[in-house]
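Open the model in your viewer and keep the selection tool ready. We will go stop by stop, and each stop tells you what to select.

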Amino acid sequence: MDHHVKDMSLAAAGKARIEWADADMPVLASIRERFEREKPLEGVRVSACLHVTTETANLMRTLKAGGADIVLCASNPLSTQDDVAAALVSEYGIRTYAIKGEDTESYYAHIDAAIDHMPHITMDDGADVVGRIHAERREALEGIIGGTEETTTGVIRLVAMSEDEALEYPIIAVNDADTKHLFDNRYGTGQSTLDGIIRATNRLLAGRTLVVSGYGWCGRGIAMRADGMGASVIVCEIDPLRALEAVMDGYRVMPAVEAAKQCDFWVTVTGDINVIDEAMFDAMKDGAIIANSGHFNVEINIPHLREKAVSSREVRPLVEEFTMASGKRIYLLADGRLVNLACAEGHPANVMDMSFANQALCAEYMVGAASELEPGVYSVPEEIDESIAALKLQTMGIEIDTLTEEQEKYLSSWQEGTC
Ligand SMILES: NC(=O)c1ccc[n+]([C@@H]2O[C@H](COP(=O)([O-])OP(=O)(O)OC[C@H]3O[C@@H](n4cnc5c(N)ncnc54)[C@H](O)[C@@H]3O)[C@@H](O)[C@H]2O)c1
């Protein structure tokens with residue numbers, strides 16, 4: 001079987017970790033059991049470009065149980081868990097192309113290997129496969145019926161493609177499902193980003209100032225968790241509504257240059273470019289630790305930092321110290337790549353349970369519905385989103401009330417007024 005992973009001897013360790021994650025992914029497990037029986041993806045070729053983690057392995061197992069023929073490659077050069085990649089190949093028979101720390105050339109060679117599979121369905125996290133197929137591998141377009149997209153930045157790219165009438169097949173924006181971004185982006189990124197910063201630095205957060213750029217779903221989670229650990233949180237935003245929300249949630253809000261003067265830690269999570277730039281580097285105090293949890297490593301102007309620093313060295317794994325002409329030191333984590341995946345293990349399985357339940361059910365939906373969908377970006381069908389929320393509650397042993405007949409009637413009528 002073709003594959004490219006770091007070290008097959010890591011497979012047993014990877015399998016144990018995949019099973020550990022699986023034990024906390026009950027919704028996905030129940031979908032896998034049904035897929036095993038019903039085989040809704042029989043003969044469907046899937047090219048998936050996702051972070052190669054334990055949770056992704058369980059999604060791959062689920063798609064395979066449904067009959068899919070899968071090739072998996074990494075959606076980030078630093079997020080691959082090499083033991084998981086090895087286990088996927090040897091224990092689960094999934095062709096995997098991913099090595100932690102791969103260079104740009106290997107990253108795209110791996111994406112090309114996934115495209116060589118001539119997929120019926122693409123499954124992206126950041127739209128790199130879709131982008132490459134449309135720009136350079138157009139021969140693959142012929143067999144594709146549709147795709148799915150996992151993250152905010154990918155959805156933004158796809159919507160831009162669709163508006164330019166450049167997108168040639170239908171894609172479901174999994175990110176936009178409530179059972180995805182409300183939990184994965186908020187609680188998943190919130191917990192795992194701090195986990196990444198702590199594992200990389202072993203610094204105390206309590207009593208320190210942590211700046212979050214971007215108060216979207218991810219930023220809210222990071223601010224909430226940092227606050228809970230005793231950090232004093234500053235939020236930087238460009239959207240007045242989001243900034244106001246951060247103020248009312250109890251955080252200090254100010255321009256990035258002002259925040260730079262106070263920051264001990266800084267996390268960008270905007271999906272935007274050069275959010276930490278020259279003026280912020282100049283204003284930062286000695287010892288500031290900066291990291292990114294947004295999809296691409298463009299949120300911190302690293303080329304500028306490299307150019308202006310008089311020296312740099314790795315002081316701990318994935319912690320690079322830059323010394324500026326003034327003697328000031330700035331510490332960059334994971335070369336500005338997703339800190340939660342590069343320095344920790346990404347989101348905990350329990351939230352990925354819902355994100356990947358959406359992926360599995362959307363792949364199944366795409367097989368049935370693709371012929372009726374024009375090229376474009378589509379929402380996750382409401383029934384899928386609601387069924388995942390209901391199933392998740394059920395697996396947590398939580399029951400809720402249902403509307404009485406009287407309440408249903410009341411809520412759907414307009415005749416009843418103040419008195
Ligand atoms: N680390 C992970 O595992 C993970 C998980 C989910 C999403 N993501 C990525 O994180 C990023 C944010 O996702 P989200 O769902 O929170 O998006 P979002 O759209 O909900 O929030 C982004 C926020 O950033 C703000 N923003 C934009 N430019 C800014 C700037 N220059 N300064 C300050 N704020 C600015 C926007 O106004 C918005 O409020 C995306 O790139 C997404 O793909 C990462």
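Select Cys 49 and then Asp 124: Cys 49 stands opposite Asp 124, which belongs to strand β4. Now show the two strands here, β1 (residues 45-50) and β4 (residues 121-124), which pair in the parallel sense over 4 bridges. Two strands count as paired if DSSP finds at least two bridges between them. Helices (H or I, at least four residues) and strands (E, at least two) are DSSP runs, numbered from the N terminus.

A word on what you are viewing: this is a predicted model, where local features need pLDDT of at least 70 and side-chain atom pairs count only at pLDDT 80 or more, while totals for chains, interfaces and linings use all residues. Residues are numbered from 1 along each chain as its sequence is written, and side-chain values use heavy atoms, with hydrogens and water left out.

**The parallel sheet**

Contact means heavy atoms within 4.5 Å. Axes are lines fitted to C-alpha atoms, for helices over the stretch in contact, and angles run from 0 to 180 degrees between N-to-C directions.

Keep α15 (residues 349-369) and select α8 (residues 178-201). Their axes come within 9 Å and cross at roughly 145°. Show the side chains. On the α8 side, Thr 179, Lys 180, Phe 183, Asp 184, Tyr 187 and Gly 188 meet Val 351, Met 352, Met 354, Ser 355 and Asn 358 of α15. These contact residues divide into 5 nonpolar, 4 polar and 2 charged. Here Ala, Val, Leu, Ile, Met, Phe, Trp, Tyr, Cys and Pro count as nonpolar, Asp, Glu, Lys and Arg as charged, and the others, Gly among them, as polar.

Stay on α8 and pick His 181, which is found in this helix. Is His 181 buried or exposed? At 10% relative accessibility, it counts as buried. Buried means under 20% relative accessible area, exposed over 50%, partly exposed in between (1.4 Å probe, protein chains only). Leaving aside neighbours within four places in sequence, His 181 is in contact with Asn 175, Asp 176, Arg 186 and Trp 217.

**The cores**

Select Leu 59, Met 60 and Leu 63. Of the 52 residues in the largest nonpolar core, these touch the most other members. A nonpolar core is a set of buried Ala, Val, Leu, Ile, Met, Phe, Trp, Tyr and Cys residues joined through side-chain atoms within 4.5 Å. α15 gives the most to this core, with 11 residues. Now zoom in on Leu 63: among the residues it touches are Leu 41, Val 46, Ile 70 and Met 123.

**The mixed sheet**

Move to the open sheet of 8 strands, in the order β9-β8-β7-β10-β11-β14-β13-β12, with mixed pairing. At its edges stand β9 (252-253) and β12 (311-316), each with a single partner strand, so one side of each is left without a neighbour in the sheet.

Select β13 (319-323). 5 of the 5 residues of β13 are buried, so it is largely enclosed by the rest of the structure. Val 319, Glu 321 and Thr 323 point one way; Glu 320 and Phe 322 point the other way. β12 and β13 pair in the antiparallel sense over 5 bridges, and they form a hairpin with 2 residues between them. In that turn, Leu 318 has a positive phi of about 65°.

Finish at β14. 5 bridges join β13 to β14, which run antiparallel. Click on Thr 323: it stands opposite Arg 329 in β14.
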